[in-house]
Amino acid sequence: MKGVVMAVLLMVAMVQFMAKPGVEATVTCPQVTSALAPCLTYLTTGAGAPPPLCCSGLGNLQKMAQSPADKQVACNCAKDAAARVPNIKEDAAASLPAKCNIQVNFPISKNTNCQE
């Protein structure tokens with residue numbers, strides 16, 4: 001379950017990187033969940049600020065997912081994981097990029113279209 005919640009966090013970060021498929025992806029779902037594992041408590045409670053390790057993992061994931069294919073894989077991994085965790089707080093997921101000082105220009109949601 002911890003990995004699933006972390007993947008949800010990835011969704012939050014990766015939505016900003018949504019892209020059309022192209023080059024073969026190198027980012028994997030296990031990498032995504034590992035990077036986001038420290039965000040689990042924040043995503044399920046929405047309380048306080050995300051821990052520094054959460055923001056660090058989010059930043060590392062952002063750096064790993066540079067190609068359009070990697071961005072799409074990361075987005076889909078996070079979205080799939082989020083769908084399996086019923087207690088994810090949508091408002092906490094939506095606020096994560098801002099609280100980690102990561103710029104995003106669109107809403108973050110479990111309903112994100114990772115194909116765009």
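**Exercise 1. Find which helix has the lowest mean pLDDT among the elements of the chain, and which element has the highest.**

Step 1: pLDDT is the predictor's confidence in each residue, from 0 to 100. Helices (H or I, at least four residues) and strands (E, at least two) are DSSP runs, numbered from the N terminus.

Step 2: Helix H1 (residues 2-15) has the lowest mean, 48, while helix H3 (residues 40-45) has the highest, 91.

Step 3: Over residues 13-22 the pLDDT is below 50. Where pLDDT is low, the predicted coordinates should not be read in detail.

This is a predicted model, where local features need pLDDT of at least 70 and side-chain atom pairs count only at pLDDT 80 or more, while totals for chains, interfaces and linings use all residues. Residues are numbered from 1 along each chain as its sequence is written, and side-chain values use heavy atoms, leaving out hydrogens and water.

**Exercise 2. Work out what span helix H5 (residues 68-83) should have.**

Step 1: The expected span is 1.5 Å times one less than the number of residues.

Step 2: With 16 residues, H5 should span 22 Å. Its end C-alpha atoms lie 23 Å apart, which agrees.

**Exercise 3. Decide whether Asn101 is buried or exposed.**

Step 1: Buried means under 20% relative accessible area, exposed over 50%, and partly exposed in between (1.4 Å probe, protein chains only).

Step 2: Asn101 has a relative accessible area of 73%, so Asn101 is exposed.

Step 3: Asn101 sits in the segment after helix H6 (90-99), and has a positive phi of about 60° although it is not a glycine.

Conventions:
Contact means heavy atoms within 4.5 Å.
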